[in-house]
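Hi there,

Here is the structure I promised to pass on to you. Have a look at it first, and my notes follow just below.

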Amino acid sequence: MKKQLIHIKGTKDGLVLRLDDQCSFTELLEELGKKVTDGHLDGKIDVQLHLGKRYCTQEQKDQLTEIVEEQQKLCVKKIQSDVITLEESHKLLETSRSETYVGIVRSGQTIRVTGDILVLGDVNPNGRIEAGGNVHIAGKLKGIVHAGMDGNEQAIVSASHFEPTHILIGNYVEVMTNESQYILENTDQIFAYLGENNVIAYDRIQEIRNIRPNLSTFKGGS
């Protein structure tokens with residue numbers, strides 16, 4: 001019996017096509033072409049392609065997409081693989097790294113890291129922290145912080161005393177003014193995050209685990 005190279009599953013979001021990761025790429029293209037032209041489809045359908053442990057170049061992904069979308073009612077929305085490049089792996093390690101800075105970040109000084117950072121000290125006015133991940137300040141925050149500067153919109157900024165001039169998360173910025181009632185009433189032990197409608201919001205540090213449950217992989221706490 002010939003091995004089935006394409007498995008198709010319907011979901012509420014469309015079709016998921018799981019592609020065999022052992023056969024040759026040529027065989028896969030041929031089989032995919034046959035599969036997507038089988039049957040009758042009503043309306044436009046979104047498609048996700050799962051490559052398993054097969055690594056595809058961008059050119060190969062474009063070939064897969066082109067074959068699927070030759071069936072006019074199918075639209076490839078996502079291509080997922082369990083394999084990443086060495087470069088992507090290095091970048092992932094860099095962004096997951098956590099660093100500690102001990103001291104005061106003075107006016108005009110900028111501290112920049114690729115992952116998370118813990119500052120054991122104050123950030124003075126016009127002092128600046130830039131991080132690819134989260135920023136935690138165990139002191140007074142009175143300067144500028146940019147968390148998730150590579151576009152990580154899940155990043156947060158926390159501080160023991162929260163009185164910054166600017167907060168940036170991902171591509172969104174908040175210029176702090178006296179109009180923020182929450183900040184006026186709560187300057188200690190709070191954190192900033194990107195909330196609904198991409199608006200920077202604030203809450204007590206105790207709420208981090210509810211608002212960002214995947215912030216840490218450390219098990220435990222209550």
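Glu207 is partly exposed at 22% relative accessibility, where buried means under 20% relative accessible area, exposed over 50% and partly exposed in between (1.4 Å probe, protein chains only). Its partner in a salt bridge is Arg204, with the closest N and O atoms 3.1 Å apart; a salt bridge here is a side-chain nitrogen of Lys or Arg within 4 Å of a carboxyl oxygen of Asp or Glu. Arg204 is partly exposed as well, at 41% relative accessibility.

Before going further, a word on what you are looking at: this is a predicted model, in which local features need pLDDT of at least 70 and side-chain atom pairs count only at pLDDT 80 or more, while totals for chains, interfaces and linings use all residues. Residues are numbered from 1 along each chain as its sequence is written, and side-chain values use heavy atoms, with hydrogens and water left out.

Back to the charged pairs. By the rule above, the count comes to five salt bridges. One of them joins Glu130 and Arg112, whose side chains meet at 2.6 Å, N to O. This pair links distant parts of the chain, 18 residues apart: Glu130 sits in strand S8 (residues 128-131) and Arg112 in strand S6 (residues 110-113). Helices (H or I, at least four residues) and strands (E, at least two) are DSSP runs, numbered from the N terminus.

Another salt bridge is made by Asp13 and Lys12, with 3.6 Å between the closest N and O atoms. Lys12 is exposed, at 79% relative accessibility.

Next, the surface patches. These are made of residues with over 30% relative accessible area and no salt bridge; like charges are joined within 9 Å, and nonpolar side chains (Val, Leu, Ile, Met, Phe, Trp, Tyr) within 5 Å. Accessible areas come from the Shrake-Rupley method with a 1.4 Å probe, and for residues only the protein chains shown count as cover.

Which residues form the negative surface patch? They are Glu59, Asp62, Glu66 and Glu70. For the charges, Lys and Arg count as positive and Asp and Glu as negative, with His and the chain ends not counted; the place of a charge is taken as NZ of Lys, CZ of Arg, CG of Asp or CD of Glu. Glu66 belongs to helix H2 (residues 58-70) and is exposed, at 53% relative accessibility.

There is a nonpolar surface patch as well, of about 250 Å², made by Val102, Leu118 and Leu120. Leu120 lies in strand S7 (residues 116-120) and is partly exposed, with a relative accessible area of 40%.

Asn126 has a positive phi of about 70° although it is not a glycine. Asn126 is in the loop between S7 and S8 and is exposed, at 52% relative accessibility. For Asn197, phi is also positive, near 60°, again in a residue other than glycine. Asn197 lies in the loop between strand S14 (188-194) and strand S15 (200-204), and is exposed at 73% relative accessibility.

Gly33, in helix H1 (residues 25-36), is partly exposed, with a relative accessible area of 25%. The C-alpha atoms of Gly33 and Gln58 are separated by 19 Å, and these residues are 25 apart along the chain. Glu69, in helix H2, is partly exposed, with a relative accessible area of 32%.
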